[in-house]
Every structure is written in C-alpha cells, then in structure tokens.
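Thanks for taking a look at this one with me. Below are my notes on the links that hold side chains together, point by point.

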Amino acid sequence: MEIRAVYQYVYHMQNCSGGVNEACIASTPVANQWQCFMAQYTYPHIKTPLFVLNSEYDTWQLTAILQLGCTPPNCSEAQMKNFMMWRGTFLNALKPAISATSNGLFTDSCLVHCQSLGSPWSSFIVDGQTAHNTFAAWYFQTGSGKSKEIDGPYPENQSCKSEILSSLNFF
C-alpha cells in the first residue's frame with residue numbers, strides 16, 4: 001500500500017483531527033486534512049520554536065516510504081541512486097525549518113531511526129558537535145556552539161559507525 005494511503009487511513013481510523021494542529025486543520029480542505037498529521041504540512045502553522053533531530057536516512061522512512069529493499073551499501077546501482085536522492089528530498093522538505101532563525105536542528109547521515117535515545121544523542125558528530133551539544137547551544141543560547149548542524153551525504157560521517165549500526169539489517 002502506498003504510504004499516503006496508509007497515513008490517510010490511520011488519520012481517519014484514529015480520528016486524529018482533534019489531536020493535530022488546529023490552524024492546519026482550519027486552513028486545509030477537508031479532503032486533505034489528513035496531511036496535518038505530517039510534519040511538513042503542519043510546520044507552517046507552528047508558532048513555537050522547534051529543535052529538529054532526525055537522520056537524513058531514517059531507517060523507518062527508507063523501509064516504509066522509499067521501500068528501498070536493501071541495506072546500504074549492499075544495494076544495486078538503481079537502489080543506491082534512490083537512496084542518495086532521498087537525502088535531497090528530506091532536506092528540501094526541511095527547508096522552512098532550516099531557514100527559521102528561532103529553530104535549532106541536528107541532522108546526520110547515519111542509518112538510524114531513533115536519534116534521541118541512547119548512543120546517537122551523544123556519539124554521532126556533525127562538524128565537531130553532537131546532537132546533545134547542538135541542542136544545548138540552541139536551547140540555552142550560549143553562543144558556545146552552532147545551533148544548526150546538517151551532515152554531508154552518506155557515508156561521510158565516520159561517527160555513524162557505532163554499536164547501533166554494527167548490527168543493522170533493516171531489510
């Protein structure tokens with residue numbers, strides 16, 4: 001099943017209209033209100049500063065949305081091309097959050113889904129900073145580090161090689 005159909009189904013089945021951003025619901029045609037369940041559609045309606053923490057190659061997204069069917073780098077040429085294009089699609093969707101001066105963010109090129117639990121929070125490094133340090137620089141506005149870090153493309157980030165990824169096999 002195509003991912004949009006899945007999200008439409010989940011939105012209606014769980015009656016999510018009461019749990020998503022009201023301004024998004026109010027400004028979206030009824031047929032498309034399920035989109036308010038998704039970050040890129042709800043983001044323009046959020047007034048609170050945000051800290052975005054995400055992998056540019058989120059393993060759940062690669063499996064459920066892109067349906068890659070392999071674990072990089074053990075992919076065909078066509079699969080690797082789709083994998084590499086995924087980062088551009090992700091960063092394009094993230095542009096509004098990147099450009100907002102009140103936001104902080106940390107994106108890395110590690111193949112992982114949960115960034116804030118355990119090791120990734122303090123071991124993945126982008127431009128000399130961990131997600132933890134980047135969040136602290138943003139939240140406390142200390143000026144002691146950058147509050148926005150965007151990693152280069154896979155497989156540049158050597159800090160990704162951790163215990164989490166050593167057993168990775170998401171396909």
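**Notes on side-chain links**

1. A disulfide joins cysteine 70 to cysteine 75, with 2.0 Å from S to S; the term stands for a pair of cysteine sulfur atoms within 2.5 Å. The link of cysteine 70 and cysteine 75 is right-handed, with 100° about the S-S bond. Cysteine 70 and cysteine 75 are both buried, where buried means under 20% relative accessible area, exposed over 50% and partly exposed in between (1.4 Å probe, protein chains only).

2. Before going on, please keep in mind that this is a predicted model, in which local features need pLDDT of at least 70 and side-chain atom pairs count only at pLDDT 80 or more, while totals for chains, interfaces and linings use all residues. Residues are numbered from 1 along each chain as its sequence is written, and side-chain values use heavy atoms, with hydrogens and water left out.

3. How many disulfides does the structure hold? There are three. Another of them is formed by cysteine 24 and cysteine 36, whose sulfur atoms are 2.1 Å apart. This pair links distant parts of the chain: cysteine 24 is in helix α2 (residues 22-27), and cysteine 36, twelve residues away, is in the loop between α2 and α3 (39-42). Helices (H or I, at least four residues) and strands (E, at least two) are DSSP runs, numbered from the N terminus. The link of cysteine 24 and cysteine 36 is left-handed, at -85° about the S-S bond, and both cysteines are buried.

4. Cysteine 110 and cysteine 160 also form a disulfide, with their sulfur atoms 1.9 Å apart. Here the link is left-handed, at -80° about the S-S bond. Taken in sequence order, the bonded cysteines of the protein chain pair as 1-2, 3-4, 5-6.

5. Cysteine 114 is partly exposed, with a relative accessible area of 40%.

6. Turning to rings, the whole structure has twelve aromatic pairs. Rings of Phe, Tyr and Trp (its six-membered ring) pair if their centres lie within 6.5 Å; planes under 30 degrees apart count as stacked, over 60 as edge-to-face and the rest as tilted. One of the pairs, tyrosine 57 with tyrosine 154, is edge-to-face, with 6.0 Å centre to centre and 70° between the planes. Tyrosine 57 counts as buried at 0% relative accessibility, and tyrosine 154 is buried at 16%. Elsewhere, Phe51, Trp121, Phe135, Trp138, Tyr139 and Phe140 form one aromatic cluster.

7. There are three salt bridges in the whole structure, each a side-chain nitrogen of Lys or Arg within 4 Å of a carboxyl oxygen of Asp or Glu. Glutamate 56 and arginine 87 meet in one of them, at 2.6 Å from N to O. Because glutamate 56 lies in the loop between β1 and α4 and arginine 87 in helix α5 (residues 77-99), the pair ties together parts that are 31 residues apart in sequence. Glutamate 56 and arginine 87 are both buried.

8. Lysine 146 forms a salt bridge with aspartate 127, the closest N and O atoms being 2.7 Å apart, and meets glutamate 149 in another (3.9 Å, N to O). Aspartate 127 counts as exposed at 55% relative accessibility, lysine 146 is partly exposed at 42%, and glutamate 149 is buried at 2%. Salt bridges that share partners join Asp127, Lys146 and Glu149 into one network.
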